[in-house]
Amino acid sequence: QVQLVESGGGLVQPGGSLRLLCQASGSIVEINGPGWYRQAPGKERELVATFTDGDSTTYAGSVKGRFTISRDNAEKTVYLQMNSLKPEDTAVYYCKAGITYYDGSGYVTNYYWGQGTQVTVSS
């Protein structure tokens with residue numbers, strides 16, 4: 001069974017750093033366009049950073065220059081390095097990816113979300 005599991009969230013002071021991990025498990029053939037999203041209380045879920053074509057990346061304007069998305073294909077893991085954190089970065093952070101796997105009769109591609117990890121930036 002395919003799963004995405006996030007980790008690395010927590011409480012950090014303004015100006016601090018965190019690194020989030022998104023680990024994929026299961027009989028995965030390929031991970032496509034993985035990205036990070038976040039949802040703050042009372043707000044809609046928004047894109048934070050994502051891979052687009054190949055290794056190209058896109059960032060929300062509010063995090064550009066502070067956050068970096070990266071991936072380790074061999075480890076089936078996507079990272080989000082978050083520096084210079086601000087209170088407005090407080091949210092539940094989710095990983096999303098298109099995952100191709102073999103279901104016994106053919107190759108299937110579906111999009112999956114992780115369960116989320118809480119990031120709180122507060123003094």
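This report describes a disulfide, a strand hairpin and one tryptophan in a predicted model.

## Basis of the description

Local features are reported at pLDDT of at least 70 and side-chain atom pairs at pLDDT 80 or more, while totals for chains, interfaces and linings use all residues. Residues are numbered from 1 along each chain as its sequence is written, and side-chain values use heavy atoms, with hydrogens and water left out.

## The disulfide

A disulfide is a covalent bond between the sulfur atoms of two cysteines. Counted as a pair of cysteine sulfur atoms within 2.5 Å, one disulfide is found. Its partners are Cys22 and Cys95, with sulfur atoms 2.1 Å apart. Cys22 lies in strand β3 (residues 18-25) and Cys95 in strand β9 (residues 91-102), so that the pair links distant parts of the chain, 73 residues apart. Strands are DSSP runs of E with at least two residues, numbered from the N terminus.

The disulfide is left-handed because the torsion about the S-S bond of Cys22 and Cys95 is about -75°.

Strand β9 runs antiparallel to strand β10 (residues 107-113), joined by seven bridges; pairing requires at least two DSSP bridges. Gly98 stands opposite Tyr111 in β10. Four residues separate the two strands of this hairpin, and Gly104 in the turn has a positive phi of about 105°.

## Trp113

Trp113 belongs to strand β10. With a relative accessible area of 37%, Trp113 is partly exposed, a class between 20% and 50%. Leaving aside residues up to four places away in sequence, Trp113 touches Leu4, Tyr37, Arg45, Tyr94, Cys95 and Lys96, where contact means heavy atoms within 4.5 Å.

Conventions. Buried < 20%, exposed > 50% of the residue type's maximum accessible area, 1.4 Å probe, protein only.
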